[in-house]
Amino acid sequence: MSKPLTGKVALVTGGSRGLGAATVRLLAEQGADVAFTYVSSEKQARAVVDEVHGKGAKAVALQSDQADTSRAPALIDDVVAHFGGLDILVNNAAISVAGTVDDPDADTAALDRMHATNYLGVIAVIRAASRVLRTGGRIITVSSGLGSRVGAPGLADYAATKSGIERYTMGVARDLGPRNITANVVEAGLMEGGMEPPDPETLKVLVGSLSLQRMGHPDEIAAAIAFLASPAASYVTGAVLDAHGGYNA
């Protein structure tokens with residue numbers, strides 16, 4: 001198997017399960033040394049590390065809560081200390097909190113944590129990583145089809161975090177382009193084994209809105225991320241790659 005990422009160092013936030021774990025595995029299979037973060041699922045994180053090591057690749061799990069933006073510089077320093085540099089940043093960590101804007105019982109603390117994790121936390125990691133990313137580096141931000149179209153009630157806050165970080169990533173592409181660092185977005189869709197799905201009725205509506213009429217598999221979205229991390233995508237920046245089964249078709 002070709003290993004186009006040999007010699008590269010990657011950081012995947014939220015890499016202990018679902019899309020994050022699939023991305024860790026694929027980047028490692030393609031030759032990268034991979035660090036990834038987790039918040040509390042240490043057992044799952046260890047299992048991912050063991051799986052990567054079992055295939056002769058390198059991985060390290062780092063405990064870090066993205067909602068704590070002050071942690072970002074230390075996280076990047078830890079990655080560099082382990083692997084000697086950083087070439088690829090995958091902003092995958094995110095949480096989802098649903099609820100209509102007129103809900104009198106809305107959990108505002110949970111909504112605030114979502115905004116901190118999905119938006120401010122991503123910005124903090126990008127800022128910290130930009131200090132050390134090597135020439136030719138890659139930044140890939142995982143968004144959602146909801147970042148460009150809200151297809152059901154109760155998703156305004158989540159959609160706002162994704163739309164905001166998409167625009168931020170476009171600005172990053174402009175700022176870091178002179179250093180030959182690309183910044184792109186993957187709009188992921190509903191995934192098997194992903195974050196907790198919405199209520200059954202909302203899920204039915206969302207799946208029914210997809211051209212492919214099915215949920216995706218994390219490996220399918222990880223493949224899009226790996227493409228943007230690869231040498232084949234060297235002239236792709238400021239782009240949004242849809243990997244959501246035709247949600248916007």
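Strand 5 (residues 133-144) is largely enclosed by the rest of the structure, because 9 of its 12 residues are buried, that is, under 20% relative accessible area with a 1.4 Å probe and protein chains only. Helices (H or I, at least four residues) and strands (E, at least two) are DSSP runs numbered from the N terminus. The model is predicted, with local features requiring pLDDT of at least 70 and side-chain atom pairs pLDDT 80 or more, whereas totals for chains, interfaces and linings use all residues. Residues are numbered from 1 along each chain as its sequence is written, and side-chain values use heavy atoms, without hydrogens and water.

Strand 4 (residues 86-91) runs parallel to strand 5 and is joined to it by 5 bridges, pairing being assigned where DSSP finds at least two bridges between two strands. Within strand 5, Leu133 is the residue opposite Leu86.

Thr141 lies opposite Val185 of strand 6. Helix 5 lies on the chain path from strand 5 to strand 6, and this β-α-β crossover is right-handed.

The axes of helix 4 (residues 108-130) and helix 5 (residues 156-176) come within 9 Å and cross at roughly 10 degrees; axes are lines fitted to C-alpha atoms over the stretch in contact, with angles from 0 to 180 degrees between N-to-C directions. Helix 4 is therefore roughly parallel to helix 5, the class for angles under 35 degrees. Residues in contact (heavy atoms within 4.5 Å) include Leu111 and Met114 of helix 4 and Tyr158 and Ile165 of helix 5.

Methods
Angles under 35 degrees count as roughly parallel, over 145 as roughly antiparallel, 65 to 115 as roughly perpendicular and the rest as oblique. Buried means under 20% relative accessible area, exposed over 50%, partly exposed in between (1.4 Å probe, protein chains only). A crossover is right-handed if, with the strands pointing away from the viewer, the path from the first strand over the helix to the second runs clockwise.
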